[in-house]
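I opened a new page for this chain. These are my notes, in the order in which I looked things up.

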Amino acid sequence: MCRLVMANYAPPDLLAAPPLLLDPSNVVRRRTYADTGGRITPYLVYLDHAHADIVLALRGLNLGRESDYALLLDNRLGKRRFDGGYVHNGLLRAAGWVLDRECDLLRDLLDRYPAYTLTFTGHSLGAGVAAMLTMVVVLNLDKLGKVERGRTRCYAMAPARCMSLNLAVRYADVINSVVLQVSQWGPN
């Protein structure tokens, strides 16, 4: 998953080079900042045949992009209700935008590869969007055709804080967050 997220930072001609070692022919779609118009960070859709997985991977915050800050700061301080809890407004809107754009492609891939899982992954800002996207998809599984909750998952690496505890618990079977916690006193 890390390689797929990092592929959003690399030029297309370096996808097969170390350390990424990805098969460029398995990149089904790649969206750049120019494609997204600042509504979301760059992302790609990748067919991981070795693991029978369809992956949508989102990059993290770009410190040089004002649109990324606007997305991150678009939070109504716990006022955005979602499925009985609260979510980050900007990240939920970004997830909805991605799903609207990629719904047909994901449905087609799931039809073509019925045994594959559907995985959303990202780092930082992208991880928060991946988590929101997973919740939206799980609540709207019929939009993607023949996919069940058990075939949908998310790996969020160092995600932005984006949902209330009750939602984190409710979606713990499909959203996996990887967070490194460092003690204020340093390593022992």
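**Entry 1: the annotated span.** I began with residues 115-141, whose end C-alpha atoms lie 16 Å apart. The span is 56% helix and 26% strand. I took helices (H or I, at least four residues) and strands (E, at least two) as DSSP runs, numbered from the N terminus. The UniProt record, an unreviewed entry, lists residues 115-141 as "transmembrane region". UniProt positions are in the numbering used here, feature names are shortened, and annotations may be inferred rather than shown by experiment.

**Entry 2: ground rules.** I noted that this is a predicted model, in which local features need pLDDT of at least 70, side-chain atom pairs count only at pLDDT 80 or more, and totals for chains, interfaces and linings use all residues. Residues are numbered from 1 along each chain as its sequence is written, and side-chain values use heavy atoms, with hydrogens and water left out.

**Entry 3: the cores.** Which residues touch the most other members of the largest nonpolar core? I found I40, I54 and L56, in a core of 47 residues. A nonpolar core here is a set of buried Ala, Val, Leu, Ile, Met, Phe, Trp, Tyr and Cys residues joined through side-chain atoms within 4.5 Å. Buried means under 20% relative accessible area, exposed over 50%, and partly exposed in between (1.4 Å probe, protein chains only). At least two residues of this core come from each of β2 (43-48), β3 (53-58), α4 (89-112), β6 (117-123), α5 (125-139) and β7 (152-157). The largest share, 12 residues, is from α4.

I then followed I54. Leaving aside neighbours within four places in sequence, its contacts (heavy atoms within 4.5 Å) include V45, L47, L106, L110 and L118. Another core lies apart from the largest one; it has 13 residues, among them A10, L20, L22 and L44.

**Entry 4: A52.** I found A52 in the loop between β2 and β3. Is A52 buried, partly exposed or exposed? It counts as partly exposed because its relative accessibility is 26%. Its phi is positive, about 50 degrees, although A52 is not a glycine. Beyond neighbours within four places in sequence, A52 is in contact with A115, Y116 and T117. Y113 is 61 residues from A52 in sequence, yet 8.2 Å away, C-alpha to C-alpha.

**Entry 5: other loops.** S124 sits in the loop between β6 and α5. Its phi is also positive, near 60 degrees, in a residue other than glycine. At 21% relative accessibility, S124 counts as partly exposed.

G84 lies in the loop between β4 (80-82) and β5 (85-87). At 46%, G84 is partly exposed too. I checked G84 against L167: they are 83 residues apart along the chain, with C-alpha atoms separated by 7.7 Å.

P19 is in the loop between α1 (2-6) and β1 (27-31). The peptide bond from P18 to P19 is cis, with omega near 5 degrees.

**Entry 6: the largest pocket.** Its volume is about 210 Å³.

How values were computed. On a 1 Å grid over the protein atoms alone, a cavity is a set of points where a 1.4 Å probe fits but cannot get out, and a pocket is an open set with protein on both sides within 12 Å along at least five of seven lines; lining residues have an atom within 4 Å of a point. Grid points are joined across faces, edges and corners, and a volume is the space filled by probe spheres set on the points.
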